[in-house]
Structure formats: C-alpha cells, structure tokens
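Student: I'd like to learn how to read a predicted model. Could we go through it one feature at a time?

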Amino acid sequence: MTTRGAVAHDIAVTVNGVARRARVIPRMLLADVLREEWGLTGTHLGCEHGACGACTVLVDGEPARACLMFAVQADGSRVETVEGLVDGDGGLHPLQEAFRSRHALQCGFCTPGILMTLVAYLRVHPAPSEAEIREALSGNLCRCTGYQHIVQAVLEVAGGPLTPPSPRRGEGERA
Amino acid sequence: MRPAPFDYVAPRTVDEALDLLARHGDEAKVLAGGQSLVPMMNMRLVRPAVVVDLNRVATLGALREDAGGLRLGALVRQHALERDGRVARAAPLLAEAAPLIGHLGTRARGTVGGSLVHADPAAELPACMIALDAVFHLQSARGARACRAGDFFRGLLTTALEPDELLVEIELPGPSASPGPAAPPGSAARRTGHGFAEVARRHGDFALVGACAVVALDAGGVCRQARLVMFGAGDRPHLARAAAALVGERPGAARLAEVGRAEAGEIEARDDLHASARYRRHVAAGLAARALGQAVARAEAA
C-alpha cells in the first residue's frame, strides 16, 4: 500500500500560451507548481487561505486564487499569470504602464494579483465607474497604497474621469 | 501552510462520485469550488484522507429553467447567479444577493452547492434558499431523497447531508409557483417581489446580520405569502414566524417595522469579536423591515 497522498499525477497546463507539464502530488497548490516547477515567481503567495488575493491568476479566463486550487485540478486548463501580460517585445501591458505612471504600487507584493483581477474584470467591463472598480478590487488587499492610485490607474486605462493630479507645493503657492 | 497529505480522485459521473463516498464515508471530503474547504485544509483544520473533486462531473454544472422555476446543478458557480439572465428572471433574489458573496475571484470558483453544504451561518445563499423555499436533491449510493431548504440547515456548519450523500441539484420554484394560500379562482395572477439587506464590515465580508424576503400580493394588494429569513446572527438562518402573520393584510411601513422588531426578538444572536448580540438584534429589526419593504414595493410594481 502506498503512503497517503504520495501518488503523483501528471498534469498538462497551457500557461501564458506555452504548453507545460509537471508531475504533482495532490497537496501541491497551483501557486506552488507555477512558482517552483515552472519558475513563474510573479505569482505571489500572501495569506495562503484566500483572503489577500495576491496569488490571483486566471484559469480558463476567470480569476482564481492559486492558493485555493490544487495543481492537479488545473490539468487541461489554460492559465494566465502576470508574466503573460507583457507583449512579445517585453513591453508592459497598458494597465501596467498606468500603474507605473500613477504610482499605483509601492512594495509591489500585491500587484500581480491586483493586475490579474483587473485584467479579467476589464475584459468584461471595459468602462467601470470608480465605485465599480473599488468593488472589483474588494478581494485584493494592498497594505501600502491606500488604493487611491490603483483606482486612478484603472480609470486612466478605462477612459474614466480622472482626478487631476494634486498640484505640487511650489506650483500651488504660485497659483 | 500546505494541507496534510491526501489522496485525490476526480470522478467523471455522479455515480462514480457516490461510489467513492460510499467507500470512504467520513474519511472523504467533497471538493467543489474549494473556496471554503481549501483554506480549512491549508490551515489543517480539516485533514481528509481522500478528496473527491467534483469539477470533472460535467452534469453538475448545468443550469436550466423548469416550469417557470430553475434547476441549479450543485456545481453552478456563484458568479453565474449574477451573470445569467435566467437567474435574474426566475430567482431575482439570488441575482441580487450574488454580488455580496465574497469577491470576484472567489465567486468565479465558488459554487452554489458548496456554499449550501458548507452552511456558514453568515452566508447569503442558505438564507435565500429558505426564503425561496428551494428543494435540495440529495443522492447517495443508497438512493435519492429531496430535502426542503428549511429542513436542511441544522446548526453551525451542520446540515442534514449524510457523509455518503451528495447535494446534486437545487430546485427553485418559479415566482408564481411558491406555496402559500392559492389565489381565489378568477383573480389576477399573484405578483411577487423580493428584498435583500445586510450589514457587513466591508464589501464581500460575511454579514454581521442579513435579511432576505419574498412577498406575494394578489391583485388587490393583499399579502398572500411572506417569507422572511434572517442570517448571520445565530448558528443558522432563521425563518421568521412573525412574517407569516402578514398574510391577509395590506402591510404598510409601520406594520413591517413591527414584524422586524418581533423577528429581532425571536432570533438567536451571538456575541463575538465582530459585534455584540445586542447590536445584532438592533440591526436585525431594521434590516428585516427594509427587506420586507423592498419585497412589498417590488410586488406592488410587478
């Protein structure tokens, strides 16, 4: 008799358009196989129980917490991670550009999960309001930014009304 | 953390899944969307020997209309409730509650059946199912049985489901097919409305207290059916007796507030880190009246 949980399963997953294979034991999380077997360390593990959203990836186009899916479950599916957002020449995704120009990240730990959540959301809702963006982000925790700049970055990409950048102190005094 | 070691099986049919549950019983856990089970496994609060993954059983994901009502396969994802026009038509209460269940990323995976079987007392779906008088179809290798939502929830994370049983399908009567005194012959069709209100710390959090209601009025505006269910306060959803007294009345705001206060006195309300029992009762009275008021107004406008 084999030891419990020792039987490995062969899986085949298309990750960011690339066919990947791995042999996994059941308790291995999707996040583990992405990071440790396939070297895609852009997917970050925060809380490991589904609360923080940092490990969000897209499975068959829908957002999923990679800490709440066993790797074996992903067999036969299509997974998108933050590494897949850049184009063929290494250019950033428009949302990533907006995050950079709007200072929508500080430490960056939560950023991949936030980007993937928003990419999926914007595919279905290309022009959300500020309130809708905040609701879409409710499952992703960021402890640095206070979300303000993240929301502004999404509005920029979605063509929504933007808050004008606050005047710098010197300019404000001259005005 | 990572789960304790377990064996993984992914049946392709309901019968295969039932055989596995018959064989492994208490040692097995059924994996649907995994949004409650996997966190508990990651924290090692649950250590099943075998995980039976239902995600390859295609038939469990079906959603279909049936005689004005709906039949939801247990594996229908929670986000389908907010996206699928058939749900908005046949069970608008579910469509309204769905955006408040967790977050985008959890609703995309989390299933309707999983939420019901998990039976978190603060979850939205169990309460809505009782308000809608849904019937749960349960199967095991021993046979099939039906259980009304009102009889299914037994306590904190506890249901009528046996270890070898699977919740296979949820049957929702259509808005006009709900039980209750039949309209007199010749009268116009009953008009139904629903209401939903909850208080949570943040969007997507479990509710501190919530209320949902379904009200049917006849052509003259007389209440023919009123079902009010409170959740989040005690160890399971509570079907309000006080609301049933509205049948035969033309309830106004003051009367609904009275029913809300009566129900707030009936519910079991717990003290915990998030809110005191006193606060829960206070809020419950207001939410009950609000959900009923919404339901009456919608029925009047229907």
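Tutor: Start with secondary structure: helices (H or I, at least four residues) and strands (E, at least two) are DSSP runs, numbered from the N terminus. Chain A has six helices and five strands, and along its sequence they follow the pattern β-β-α-β-β-β-α-α-α-α-α. For chain B the tally is twelve helices and 14 strands.

Student: How are the residues and chains labelled, and what sort of model is this?

Tutor: Residues are numbered from 1 along each chain as its sequence is written, while chains are lettered from A and ligands numbered from 1 in the order in which they are written. The model is predicted, so local features need pLDDT of at least 70 and side-chain atom pairs count only at pLDDT 80 or more, whereas totals for chains, interfaces and linings use all residues.

Student: What does pLDDT say about chain A?

Tutor: pLDDT is the predictor's confidence in each residue, from 0 to 100. Chain A has a mean of 92, with 90% of its residues at 70 or more. Over residues 166–175 of chain A, though, the pLDDT is below 50, and beyond near neighbours in sequence this stretch has two contacts in the model. A contact here means that the C-beta atoms of two residues, placed from the backbone, lie within 7 Å. Where pLDDT is low, the predicted coordinates should not be read in detail.

Student: What are the overall dimensions of the two chains?

Tutor: Look at the C-alpha trace along its principal axes. Chain A spans about 80 × 30 × 25 Å, and chain B about 60 × 45 × 30 Å. With 302 residues, a compact globule would come out near 19 Å, and chain B has 19 Å, which agrees.

Student: How much of each chain is buried?

Tutor: Count neighbours: a residue is buried if 20 or more other C-beta atoms lie within 10 Å of its own, exposed if 12 or fewer, and partly exposed in between, with C-beta atoms placed from the backbone. By that count, 43% of the 175 residues of chain A are buried, and buried residues make up 52% of the 302 in chain B.

Student: Which elements of chain A touch chain B?

Tutor: In total, 28 residues of chain A are in contact with 27 residues of chain B. On the chain A side, the elements giving two or more residues are β4 (62–65), α3 (111–124) and α4 (130–136). The largest share, four residues, comes from β4(A).

Student: Is α3(A) mostly covered or mostly open?

Tutor: Mostly covered: ten of its 14 residues are buried, including I114(A), L115(A) and L118(A). What covers the buried residues of α3(A) includes β3 (56–59), β4, α2 (94–101), α4 and α5 (148–158) of chain A, together with α6 (104–107) of chain B. You can check its length too, since the expected span of a helix is 1.5 Å times one less than its number of residues. For the 14 residues of α3(A) that gives 20 Å, and its end C-alpha atoms are 20 Å apart, which agrees.

Student: Where is the largest nonpolar core?

Tutor: In soluble globular proteins, nonpolar side chains tend to be buried together. A nonpolar core is a set of buried Ala, Val, Leu, Ile, Met, Phe, Trp, Tyr and Cys residues joined through C-beta atoms within 7 Å. The largest one has 150 residues, and those with the most contacts inside it include A71(A), C212(B) and V215(B). Its largest share, eleven residues, comes from helix α12 (residues 277–301) of chain B. Beyond four places in sequence, V215(B) touches residues such as L292(B), A295(B), V296(B) and A299(B).

Student: Which backbone angles should I look at?

Tutor: N16(A), a residue other than glycine, has phi near 50 degrees; N16(A) lies in the loop between β1 (9–15) and β2 of chain A. With 18 C-beta neighbours inside 10 Å, N16(A) counts as partly exposed. E48(A), also not a glycine, has phi near 65 degrees and is found in the loop between α1 and β3 of chain A. E48(A) is buried, with 20 other C-beta atoms within 10 Å.

Note on methods. The radius of gyration is taken over C-alpha atoms; the globule rule is 2.2 Å times the number of residues to the power 0.38.
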